[in-house]
Amino acid sequence: MSEHSHQVGFVSLGCPKNLVDSERILTQLRAEGYTISPSYEGADLVVVNTCGFIDSAVEESLDAIGEALDENGRVIVTGCLGVKEDEVRAAHPDVLAVTGPHDYESVMQAVHQHLPPPHDPYTSLVPPQGIKLTPRHYAYLKISEGCNHRCTFCIIPQMRGDLVSRPVGEVLKEAENLVAAGVRELLVVSQDTSAYGVDLKYRQDFWQGGLVKTRLQALAQALGDHQAWIRLMYVYPYPSVDELIPLMAEGHILPYLDMPLQHASYSILKAMQRPAAAEKVLERIQRWRQECPDLTLRSTFIVGFPGETEEDFNCLLDFIREAQLDRVGCFTYSPVDGAAANDLPDQIPEELKQERYERFMAAQAEVSEAKLLQKIGKETIVLVDEVYPELVLARSEADAPEIDGNVVIPGGWDLEPGDFVEVKITGSQAHDLIAEPVDIET
Ligand code: SF4
């Protein structure tokens, strides 16, 4: 895969409302690993977000589509003119797809169809099944591209290069537009969220008449001023994470940390060349929990990495029993083309990897189940994701979309996706909680 693949060109025409749509689509593209190309030539395809409000806008939009076709050849049309698909196709029969205004899902589907997203199971920032149905009330806010680490199982730095942070003013503007467009939850993503701003030496940037540092703590502080949930993903346990815990304890941002630890044995972490491998993670987790008792911790792990001995694996099992993480994902190690770990000695046979995976999952299932049981009887706020006649799927502060569980509410309540509602937890299943709304009418 070349460094230049997955480049999307973007042309945005029309009114401020259309700009919000463009922002939303660009946000999603970035989060899925696409790069936004500044030129037609560098792009693998071009999305034209059109305006069709008045005749001159129609003409301008048709001209813009024509220009993109001449310069690039692969064009997806979205926006207001998209409702007049016949007109678009009559003028430009070669466009790849035509979708309507505010229809992010369709335009993303068209992009996926013509330029499948770069997806890597270890490092992808959004789950593969998360792409198609991302509802409009949450959005992934990508704060940087690339990575300064060199984990031996990963090829992201080869593909994307070193860390390049977006200036904090730009990120905050995007967040403001998303919240204005109805987004209720922002998921802050990047390959290494805690390293945000290192490349810019934490430079200050203008925001609302003041100065804000391009640094995770300052970003979280400013994002937390919005009437939206702020959830931090891909945070490595550097000492600077300590500064985030007070913001979580006071409810400014969600008390949720997604921290991909990948292993617990020091020798495996070293072989993986993981960031923050030497940090005393257990001690820090204990301290964070004392300071913020509602903290939810999620992590992912890899079992069967080359050289993993039974002792290393037992060290991992001990860790997950002791750390009492709320949510855990696990992969068996599999080589990625071009990754340094492919050349490591002592590759683990497939069968043994599978066996360790099952032992790991069984140990974690006990922890997760006990954690969910402790929640029964408690009241909490949930965000509604999907409404069906027979049930409503919602999430609490402890559940990131797509990867964690749901809070399931029986049907019959007058609820809409994007609503915040107070519920009482009445039961639990393997991954999900069951709940009843408190104080609202059926
Ligand atoms: S931290 Fe490691 S796994 Fe994550 S993107 Fe960087 S090199 Fe890859």
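## Helix H2

Helix H2 covers residues 55-71, so 17 residues in all, and spans 24 Å from first C-alpha to last, close to the expected 24 Å at 1.5 Å a residue (the expected span being 1.5 Å times one less than the number of residues). Helices here are DSSP runs of H or I with at least four residues, strands are E runs of at least two, and both are numbered from the N terminus. This is a predicted model, where local features need pLDDT of at least 70 and side-chain atom pairs count only at pLDDT 80 or more, while totals for chains, interfaces and linings use all residues. Residues are numbered from 1 along each chain as its sequence is written, and side-chain values use heavy atoms, leaving out hydrogens and water.

The buried residues in H2 are Ala-57, Val-58, Ser-61, Leu-62, Ala-64, Ile-65, Gly-66, Ala-68 and Leu-69 (buried is under 20% relative accessible area, exposed over 50%, partly exposed in between, with a 1.4 Å probe and protein chains only). An α-helix has 3.6 residues a turn, so residues three or four places apart point the same way. H2's buried residues pack against strand E3 (45-50), strand E4 (75-79) and helix H3 (85-91), with contact meaning heavy atoms within 4.5 Å.

## Helix H6 and its partner H7

H6 (residues 168-180) and H7 (residues 216-223) have axes that come within 11 Å and cross at roughly 25 degrees. That makes the two helices roughly parallel (under 35 degrees; over 145 is roughly antiparallel, 65 to 115 roughly perpendicular, the rest oblique). On the H6 side, the contact uses Val-168, Val-171, Leu-172 and Ala-175, and H7 brings Leu-219, Ala-222 and Leu-223. Sorted by type, that's 7 nonpolar residues, no polar and no charged (nonpolar being Ala, Val, Leu, Ile, Met, Phe, Trp, Tyr, Cys and Pro; charged being Asp, Glu, Lys and Arg; the others, Gly among them, polar).

H6 itself has 13 residues and reaches 18 Å between its end C-alphas, close to the expected 18 Å. Its buried set includes Glu-174 and Asn-177. Gly-182 follows H6, with a positive phi near 105 degrees.

## Two glutamines with positive phi

Gln-208 isn't a glycine, yet its phi is positive at about 50 degrees. You'll find Gln-208 in the loop between strands E10 (204-207) and E11 (210-213), exposed at 63% relative accessible area.

Gln-262 also has a positive phi, near 70 degrees, and sits in the loop between strand E13 (256-258) and helix H9 (266-272). Gln-262 is buried, at 3% relative accessibility.

Definitions and conventions:
Axes are lines fitted to C-alpha atoms, for helices over the stretch in contact, and angles run from 0 to 180 degrees between N-to-C directions.
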